[in-house]
Amino acid sequence: MSDAGSHTASDIELAAATQATVDKLVPLGGVVKTFKDMVSVTVPKEHIVEAVSVAKESGFAMISDVFGIDYLTYPGHQGKRFTVAYNMRNPDGNGRIFIRVDVDEGESLPTITGLFKAANFMEREVYDMFGVVFEGHPDLRKLLTPEDFDGHPHRKDFPLGETPTLFNEGRFLDPAAFRAGLVGADPGLTGWKGGAAKGARSEQDFGQGAGMHGKESGKP
Amino acid sequence: MSARDLGHAATVTREEQHGEFETRYMRINVGPQHPSTHGVLRLVVDLDGEEIVGIKPQIGYLHTGFEKTMENRTYQQGVTYANRMDYLHGFAHDLAYVLSVEKLMDARVPERAQRIRVALNELNRIASHLVFIGTGLLDMGALTPFFYTMREREMLLDIFELVCGVRMNFGYFRVGGLYRDVPDEFFPAVDQFLEMFPKMIVQYERLFAKNDIFVNRLKNVGVLSRETALDWGLTGPSLRASGVPLDFRKAAPYGGYEDYDFDVPTYDAGDALSRMLIRVDEMRESMKIVRQAVDRMEPGPIRDPDRRISLPPRSELEDSMEAVIFHFKLVTEGFHPPRGEVYVATESARGELGYYIVSDGGSMPYRVKVRVPSLINLQSLEPACLGGLFADMIVNIASLDPIMGDVDK
Amino acid sequence: MGLRDLFEKDIQELENEGILFSSLEKLVAWGRSNSLWPATFGLACCAIEMMQSTNARNDMSRFGSEVFRASPRQADVMIVAGRLSKKMAPIMRRVYEQMPDPKWVISMGACASSGGMFNNYAIVQNVDSVVPVDIFVPGCPPRPEALVYAVMQLQKKVRGEAFDQHGVELPMVEGWSR
């Protein structure tokens, strides 16, 4: 049993590795975005395998995840409908980079299973959930949904498939209408009027420990 | 099962001439309903006698559509969905989800809440490893250790019930902190558990770790070398059993883990025995973390006081109109994180767990992608089982510790 | 104690002497109710609580469920523990059909009974639409004690001591034909 005394990349080394990767990806058409401490590079579809392989060599040698996002109903989104993101990390675990590709419906992407065997199930899931075909994948078929299931569930135009709730008296509740109040668009079926519930007046009713305050501390 | 069922690449048939005999590989189905597959996992196995020449996991029998459902629930309601994915280590999912949303919102979680979260997370890790040991040994035919480990797990579930109100599938973590403070009985209960548990681990080790049958059944079975494990994307204790000391609690600390002093056990053999024994060692390390977290706990608030995230205390609702408005907005709509996409990697009992949350500024997430460890770890079943015996396949599944709720999301 | 005593003495006197009278059906129902062997059909989180109900603290084997048979051909009751996805539903039906009569089904947990919190495209909203359910157990997950109580209710149902929601007595399981 060996000790965990391995060298973890320091912040400086990590920043250098990230910068080196980004520098190599920009000539491929990469567009860099940072948000909080996350770095993402959007590359065009033709260069995705090269981009992933560049990242693999420049220090982000592991792939954590391959997943898709459907931007159909994202407010203010321009551009292609789907994004397939490759979540890559360095072997020490503290550095991460996201390589993104924008695809439209019907477009296909080359597979990266040649670089990472781990991407096998990941790409199959993206295919199952979004319908993005990965060319060259050794075994591209549905992963999670039943074999006779048509459609790609995580697309935004695929309905959630809710069954209305039927009460004994015969009335039924449509869950989507019920939830509309949550979004704030309209009060929905709850008809919530707001305000404190009757009965609970003060902290004396509940004592210490209920709610936000811990022991011995007053109001923030 | 038809050929379409399995994919063209799954057919591993070969007809050979052995003298006058024409032989073929036998394809059998280890179906979803099986006592030893740790849930609804289906394996299609090609056998040459007893030796496995091809194995393909077919999953999806527990697909629940978590991610799509979470897109239709507010952020605070998402916590209830999170811990039903990996139901054995529910707090890991809760923590990962809540950390992601807090990163998006720039919420500041008070220290007491962080320490309680860490303590509960580690206790839950111990509970998960206890089930791993119990059911893993059950698969191999040892019935007794199951009852021993479940006895300890009952003590842990009593502690969870004390704090959260439920034994499993807790709804205790909130974005910004916790639902409520721990009661006073929590500390003596934890002390009692931490006092008697080391002796129990010694008991387990006496039950199986030195047992010849156990060791012979697991030694050099399902060997995953370092390169194979890394190539196939393995994470978690199974990876650490193959010689890679990667633990996200140390590598990229989150939620207060940088404060605690613990080791990351690593084995080099990469076989099923190391994968079993490493989790016993991890239980010891988790105990250390719980001890430190509980000892260093100071009184204080347990939620981010920012009214945009946390409900105001009831007493304020009488005096302040603002508090009433915040309360109303939070209860009817929930809070609105800013637009953006965020990911936090955490370490669950099974490996790297992270929630990638895309927010469009509304009160419900636009997209939640869960990077589940068990789905990726399950791919390593193929290199581990190929060339081994059929009976070893059961051992390999048990040692990789997949949870089908996690795999199928 | 000759054969004449059987005809001449009162039933109460004979019972005091150690002779029990019953009908064959009642005897068979009593035997069946006290040895309900479940088939393992643990799907998700409820399966863990089902496992916990067999552990040393909540011992379900003292109620007769001594072993959880892996093969449905040797089982009496199927405890559907967990959320049933639509992909798994045909398999569950197949396992149910493989069980020999008489058989019962306990739908454990909110997800099996009604879809639970998962009202979506992937989960069957009531297991009753796939197999006929005898006992529904609410909870998410139900405590092991709740499952043990459910098994006890099923035992009552098997013996003919149970009533449905309208107060009508449910019939005892038939001795020979079912």
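What percentage of the 178 residues in chain C do buried residues make up? Buried residues account for 42% of chain C, where a residue is buried if 20 or more other C-beta atoms lie within 10 Å of its own, exposed if 12 or fewer, and partly exposed in between, with C-beta atoms placed from the backbone. The structure is a predicted model, in which local features need pLDDT of at least 70 and side-chain atom pairs count only at pLDDT 80 or more, while totals for chains, interfaces and linings use all residues. Residues are numbered from 1 along each chain as its sequence is written, and chains are lettered from A and ligands numbered from 1 in the order in which they are written.

Chain C contains 7 helices and 4 strands; helices (H or I, at least four residues) and strands (E, at least two) are DSSP runs, numbered from the N terminus. The order of its elements from the N terminus is α-α-α-β-α-β-α-β-α-β-α. Taken along the principal axes, the box filled by the C-alpha atoms of chain C is roughly 70 × 35 × 35 Å. Of the contacts in chain C between residues at least 6 apart in sequence, 77% join residues at least 24 apart, two residues being in contact if their C-beta atoms, placed from the backbone, lie within 7 Å.

Two cis peptide bonds in chain C are described here. One runs from Asp101(C) to Pro102(C), with omega near -15 degrees, and Pro102(C) lies in the loop between α5 (89-98) and β3 (104-108). The other joins Cys140(C) and Pro141(C), with omega about -10 degrees; Pro141(C) is placed in the loop between β4 (135-137) and α7 (144-159).

Positive phi values occur at Lys36(A), at about 55 degrees, and at Asn220(B), at about 60 degrees; neither residue is a glycine. Most residues other than glycine have a negative phi, and most peptide bonds are trans. Lys36(A) sits in the loop between β1 (31-35) and β2 (38-42) of chain A and is exposed, with 11 other C-beta atoms within 10 Å. Asn220(B), in the loop between α8 (212-218) and α9 (226-231) of chain B, is partly exposed, with 13 other C-beta atoms within 10 Å.

The largest nonpolar core has 211 residues, a nonpolar core being a set of buried Ala, Val, Leu, Ile, Met, Phe, Trp, Tyr and Cys residues joined through C-beta atoms within 7 Å. Helix α5 (residues 111-139) of chain B gives the most to this core, with 13 residues. The residues with the most contacts inside the core are Ile99(A), Val80(C), Ile106(C) and Met108(C). Leaving aside residues up to four places away in sequence, Met108(C) touches Cys46(C), Met50(C), Ile79(C), Val80(C), Ala81(C), Val137(C), Pro142(C) and Leu147(C). In soluble globular proteins, nonpolar side chains tend to be buried together.

The contact between chain C and chain A takes 7 residues from chain C and 7 residues from chain A. On the side of chain C that touches chain A there are 1 nonpolar, 4 polar and 2 charged residues; Ala, Val, Leu, Ile, Met, Phe, Trp, Tyr, Cys and Pro count as nonpolar, Asp, Glu, Lys and Arg as charged, and the others, Gly among them, as polar.
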